[in-house]
Amino acid sequence: MKNFGHLLVKEIKELVNKQLIISLAMMILIFSFIGNVTKKEMKKAIAKQKIAVLDLDQSELSRNLIGTLNMANFIIDEQSGEKEQVIKQLQTTELGLLVVIPAGFSREVSNLKPAEVETYSYLRGISLSGTRSSEVVRAVLNTTNDFLSNQYLKKRLPDINPAEIKTPIKNREFILVKDRMAEGSSAAVIGTLYAQSYILPIILMMIIMYSSQMVITAIAMEKQNKTLETLLTVPISRQAIAMAKMLAAGLVGLLSAAIYLYGFQMAFSFPTEELSSATGGGVALILKQLGLTINTQGYILFGLSLFLAILCALSIATILGVLAEDYRTAQSLNIPLVFLILVPYFISLFADINTMSLPAKILVLAIPFSHPFFAMQNMMFGHMNMFWLGLVYNFIFVTVMLIWTARIFATDRVLTMKLKWGKKKVVL
Amino acid sequence: MTPVLEVEGLKKNYGQLQALKGISFKVDQGEIFGLIGPNGAGKTTTLRIIATLLTPSAGRVTFLGFDLKKNPEKFREKISYLPEEAGAYRNMRGQDYLEFMAKFYASNQEEIKEYVSRGQQISDLGVRLRDKVGTYSKGMTRKLLLGRALMTKPALAILDEPTSGLDVINSLEVRETIKSFVKQGISVLLSSHNMLEVEFLSDRVALIDRGQILDAGTPQELKEKYQAPNLEIVFKSSVRSSL
């Protein structure tokens with residue numbers, strides 16, 4: 001045990017080298033920069049939009065329309081003068097949209113004829129703020145149309161509330177999960193669940209990928225630097241050597257993934273205070289009613305599933321590391337493993353495992369890393385059989401792989417095992 | 001003399017290739033035993049089996065009464081192996097490397113200090129021990145590794161081409177170090193294709209070729225037997241007579 005701890009410290013020191021520290025620090029800096037820029041852009045997007053309005057009609061109705069736009073989250077910058085001159089003037093400002101209410105606007109509305117407003121969008125780039133202009137136009141038009149249709153209806157049917165005519169059907173939406181039911185918007189529930197869990201597959205992918213890459217590299221570097229033979233003759237069990245490498249890679253992989261995740265969150269997390277909507281509290285209650293929340297026991301089970309998947313990755317990577325002759329071969333050998341990790345990652349983001357065909361489902365679930373990706377979903381939606389099967393499958397997989405790894409390390413295969421690409425070259 | 005190591009009928013196959021065809025020899029306590037032969041003769045395979053790196057296909061190896069197949073861990077506690085193309089951890093300082101290796105063998109802090117101090121003395125790298133191994137020349141690394149191999153005073157030091165990569169001066173120093181350590185009771189099993197080096201160092205030698213021991217004895221006995229001035233001629237004559 002004393003020697004194991006001693007070896008573990010050495011393995012961690014080997015992995016946490018200058019290159020790793022610099023790359024992680026650089027990554028934090030880059031993500032922090034991206035985060036600042038993105039958040040500024042998002043704040044701009046969420047904030048009240050400033051638009052220019054040129055009222056050439058100057059009627060009571062046009063004033064009312066401007067008032068409505070003002071109430072509908074727009075800051076109005078009123079313009080005056082000739083249309084062409086105003087269009088030209090605004091080129092030099094930061095305003096992105098000009099709404100022109102033409103002369104005769106109120107007359108057309110009074111005669112119940114389709115009225116026109118003109119919108120001019122100023123495109124100054126293809127950034128997030130630039131692409132927002134179409135959304136602003138749509139929002140302005142919706143507000144205007146709503147305003148105008150209300151005017152028409154009030155004139156024709158003065159005793160009826162225009163809202164009742166425009167939306168005669170009132171929808172009460174209910175959501176069912178297994179035997180539980182709650183009233184609320186399914187879109188809001190799915191949106192909230194997705195927002196809460198979108199980060200999870202990224203964490204899983206990073207931890208598994210980092211850990212496996214580190215253990216492959218650690219073993220390959222021992223071979224490349226010709227230190228493995230000496231290490232294998234010191235008085236410590238071969239299993240302890242393999243375990244120290246796996247544990248060190250797991251710990252450093254976990255740390256690297258945590259730092260990456262921190263950076264990732266800095267860069268891409270939504271500014272929740274600004275985004276919090278009226279539905280927030282309601283959706284939380286609906287999730288609770290539907291049992292779509294995870295309790296402490298659930299988190300422990302998820303942790304177990306993740307732990308087994310990491311062990312699977314580490315054991316496969318250890319064997320691949322034994323096959324590698326040097327650092328370069330190790331990088332190539334890691335590629336198939338990365339692909340195996342990416343499969344459940346993308347499926348968990350873009351598809352529903354439960355609606356996939358049986359052969360496809362079997363193929364995906366045969367990958368041991370798949371199970372933690374679907375563990376949360378399985379627990380929340382009551383697919384506990386799937387969850388337990390995944391856990392048992394991974395346990396068996398890990399046991400077999402660890403026995404195999406221990407056998408390889410206990411014999412001379414740790415030195416002689418090599419991957420043969422094609423036929424052997426004959427050297428004369 | 002009590003043999004510390006006994007090798008009987010050792011065979012090793014790599015698939016169809018028979019690397020060792022049943023070799024036998026003994027190494028006595030405080031003796032330097034040399035295996036000499038050309039490249040591919042089976043020297044390194046023999047040493048790697050005794051160092052517990054490879055498993056034999058047949059035969060028996062006993063060390064201080066322990067059987068290799070049953071107690072490889074007992075071998076690892078008492079032997080020290082210096083591979084021909086060994087390296088050290090490039091990110092470690094020379095001193096840290098010696099300490100790292102010493103900790104595997106020592107049972108307390110005093111022993112660690114003792115081993116490291118001896119390692120420093122043998123490697124003779126002075127202040128360069130404070131530098132990272134990655135900055136060392138091949139010769140310096142070799143001296144550090146020799147220091148590591150001998151610092152624990154193993155019952156048996158297995159040295160594969162101990163002066164490989166060293167210049168003439170360093171080679172002479174290393175040979176002297178090995179000789180002086182044997183006087184302290186250490187047994188050495190070494191291999192080399194430099195027959196003059198083996199002749200200088202070894203108490204007894206075995207001539208090995210194509211996985212077989214052709215002959216064994218003290219350098220003087222062999223020279224007399226084959227009426228040769230040195231071991232190179234002895235080897236040539238023994239190969240001829242074995243054909």
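## Terms and numbering

A residue is buried if 20 or more other C-beta atoms lie within 10 Å of its own, exposed if 12 or fewer, and partly exposed in between, with C-beta atoms placed from the backbone. By this criterion, buried residues make up 29% of the 428 residues in chain A.

The model is predicted: local features need pLDDT of at least 70, side-chain atom pairs count only at pLDDT 80 or more, and totals for chains, interfaces and linings use all residues. Residues are numbered from 1 along each chain as its sequence is written, while chains are lettered from A and ligands numbered from 1 in the order in which they are written.

## Chain A overall

Chain A has 19 helices and six strands; helices (H or I, at least four residues) and strands (E, at least two) are DSSP runs numbered from the N terminus. Chain A is more spread out than a compact globule, because its radius of gyration is 31 Å, well over the 22 Å that the globule rule gives for 428 residues. The radius is taken over C-alpha atoms, and the rule is 2.2 Å times the number of residues to the power 0.38. Along the principal axes, the C-alpha atoms of chain A fill a box of roughly 95 × 55 × 45 Å.

## Strand E3 of chain A

Strand E3 (residues 97-101) of chain A has five of its five residues buried. A:Leu97, A:Val99 and A:Ile101 point one way from E3(A), and A:Leu98 and A:Val100 the other way. In a regular strand the side chains alternate between the two faces of the sheet.

Strands pair if DSSP finds at least two bridges between them. Four bridges join E3(A) to strand E1 (residues 49-55) of chain A in parallel, with A:Ala52 opposite A:Leu98. Four bridges also join E3(A) to strand E4 (residues 118-121) of chain A, here antiparallel, and A:Val99 stands opposite A:Thr119.

## Nonpolar cores

A nonpolar core is a set of buried Ala, Val, Leu, Ile, Met, Phe, Trp, Tyr and Cys residues joined through C-beta atoms within 7 Å. The largest has 133 residues, and A:Ile208, B:Ile158 and B:Leu189 have the most contacts inside it. Another core, of 16 residues, lies apart from it and includes A:Leu98 and A:Val99.

## Contact between the chains

Residues are in contact if their C-beta atoms, placed from the backbone, lie within 7 Å. The contact takes 22 residues from chain B and 18 residues from chain A. On the chain B side, H3(B) supplies the largest share, five residues.

How values were computed
Two residues are in contact if their C-beta atoms, placed from the backbone, lie within 7 Å.
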